[in-house]
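Here is a short report for a reader new to this structure. Please keep the sequence and the 3D view at hand while reading.

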Amino acid sequence: MLQGRRVLLAVTGGVAAYKSAILARRLVEAGAEVKVILTDSAREFIGAQTFAAITGGQPFTTLFGETSVSPHTDLARWCEVAIVAPATASTIGRVANGISSDLVSATLLTTRSPVLIAPAMHTEMWEHPATQRNINTLERDGYLLIGPASGALAGGDVGIGRVVEPEEIVEAVEAMLSPDDSTLRVLVTAGGTREPLDPVRYLGNRSSGKMGHAIADEAARRGFTVTLVTAADLSALPTVKVVAVETADEMLDAVSGEDADVAIMAAAVADFRPSKSSEGKISRADGLDSIELSPTPDVLASVVARDERPFVVGFAAETEGVERAIEKAVVKKVDLLVYNDVTEPGSGFESNTNRVVLIDGEGQTEPWPMMSKQEVASLLLDRIVGDLAARA
Ligand code: PMT
């Protein structure tokens, strides 16, 4: 599965560094060409010669003075995927904050390839707000996190903080580099549209774009060809084609121009817009008794109506329970509808988590537990890929 693929393994300083020797072995067994970076702290736990024997090449250990004048750019451009395992709190902090003070952080800042980070540390360090802040930043910036797992930790205590097993990391890397997926064209909408009333005011909603961006990034990590039509001011992975829009009309235009095998409509498109948008700022002195509204175009309906209709996933932001969403799934003729109750704390708009119910085209429901938006994105893509495979 990894035959000939170029994998960079960065090992940072933790007891779990010994497991990265096994990881390197598994990657080589899977056919990958592996290059290794060891930080100074990693070398306190494991020797360079171990990795040299496993991978057939000396590990890189410093930003300066080795065989190349610029090892971080060489490695960043060489690799098709980079893994940091184990990833310590300090490396995570440096990468999250763009501090390129060692070879690992400088390489990660330079590479445009997907990066998988496997944290390992004591539970208290993992749960510290600073670490969690950094982890959230990494996720927002498009890094893929795996683990940590729970279990016995160095020092005899038990809790969350163990690096995940090498075999799981290899599986994740295989999924990231899966060649079959590159042909699937995924179109995602995200964010809340803004419908102008005048140059400074608009009719909008609370969508942050986090849900749609998480889906686009996850799809890109799997190697899909992804177009993200977004009304949100968030970043996306470099391999995602981003089309920035503001209004429902612009979103319709952008979506119309994109062929797709799968369309995932996570945007909160305003259903109405001010019928007239004033060219100048409406002044308080002039007064405004009422605002006349007109309906916006239904972007999702335009995709469902295509002759070459993609697999269509709608989202439903509801406040009155799942019943309306079940109706919506059938009426809108989607293949799947993702319902979220936007009144539930930690769910729907703006949060990093979401509790959703998946509804199929016949109205069958499948409730999912509360999880991060990245996890929702991942499970949703698993489900879509499964449904497409079943159809094929
Ligand atoms: O962006 P976040 O802060 O992360 O929040 C995520 C979210 C709550 C916005 C997201 O999970 C979500 O529920 N998105 C859909 C919100 C919504 O507008 O639902 P709706 O029931 O009004 O629309 C149903 C479907 O039709 C949606 O797929 C929507 O994109 C689509 N639609 C709606 C109106 C319209 N004019 N055009 C559309 O395409």
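The sections below cover the ligand, the salt bridges and a surface patch. The model is predicted.

## The ligand and its contacts

The shell around the ligand holds 27 residues. Those that come nearest are S207, S208, A267, K328 and N340.

A polar side-chain atom of N340 sits 2.6 Å from a ligand oxygen. K373 also uses a polar side-chain atom, at 2.7 Å from an oxygen of the ligand. E350 uses a polar backbone atom instead, 2.7 Å from a ligand oxygen. On its own the ligand would expose 780 Å², and the protein buries 95% of that.

## What the shell is made of

The most comes from β16, with 4 residues. By class, the shell has 13 nonpolar, 7 polar and 7 charged residues.

## Salt bridges

The whole structure contains 24 salt bridges. One of them pairs D198 with R201, with the closest N and O atoms 2.5 Å apart. D198 counts as buried because its relative accessibility is 3%, under the 20% cut-off. R201 has 34% and counts as partly exposed.

Another bridge joins K332 to D298, with the closest N and O atoms 3.0 Å apart. K332 lies in the loop between α13 (323-331) and β17 (336-341), and D298 in the loop between β15 (293-295) and α12, so the pair ties together parts that are 34 residues apart in sequence. K332 is partly exposed at 28% relative accessibility. D298 is partly exposed too, at 37%.

## A further pair and a network

R355 and E344 meet through their side chains in a salt bridge, 2.8 Å from N to O. R355 is in the loop between β18 (353-354) and β19 (356-360), while E344 is in the loop between β17 and β18. The two residues are 11 residues apart, and the pair links distant parts of the chain. R355 is partly exposed, with a relative accessible area of 36%.

Salt bridges can also join up. Here E218, R221, R222 and D382 are linked in a network of them.

## A nonpolar patch on the surface

Which residues form the nonpolar patch on the surface? They are L203, F272, L288, I291 and L293. Together they have about 450 Å² of accessible area.

L203 belongs to strand β10 (residues 202-203). L203 counts as partly exposed because its relative accessibility is 35%.

Definitions and conventions: Residues numbered from 1 in each chain as written. Predicted model: local features only at pLDDT ≥ 70, side-chain atom pairs only at ≥ 80, totals over all residues. Heavy atoms only, no water. Patch = residues over 30% accessible without salt bridge, like charges linked within 9 Å, V, L, I, M, F, W, Y side chains within 5 Å. Areas by Shrake-Rupley, 256 points an atom, 1.4 Å probe, with all protein chains shown as cover. Salt bridge = Lys/Arg side-chain N within 4 Å of Asp/Glu carboxyl O. Buried < 20%, exposed > 50% of the residue type's maximum accessible area, 1.4 Å probe, protein only. Near = heavy atom within 4 Å. Polar contact = N/O pair within 3.5 Å; in protein donor to acceptor, adjacent residues only side chain to side chain. Nonpolar A, V, L, I, M, F, W, Y, C, P; charged D, E, K, R; others polar.
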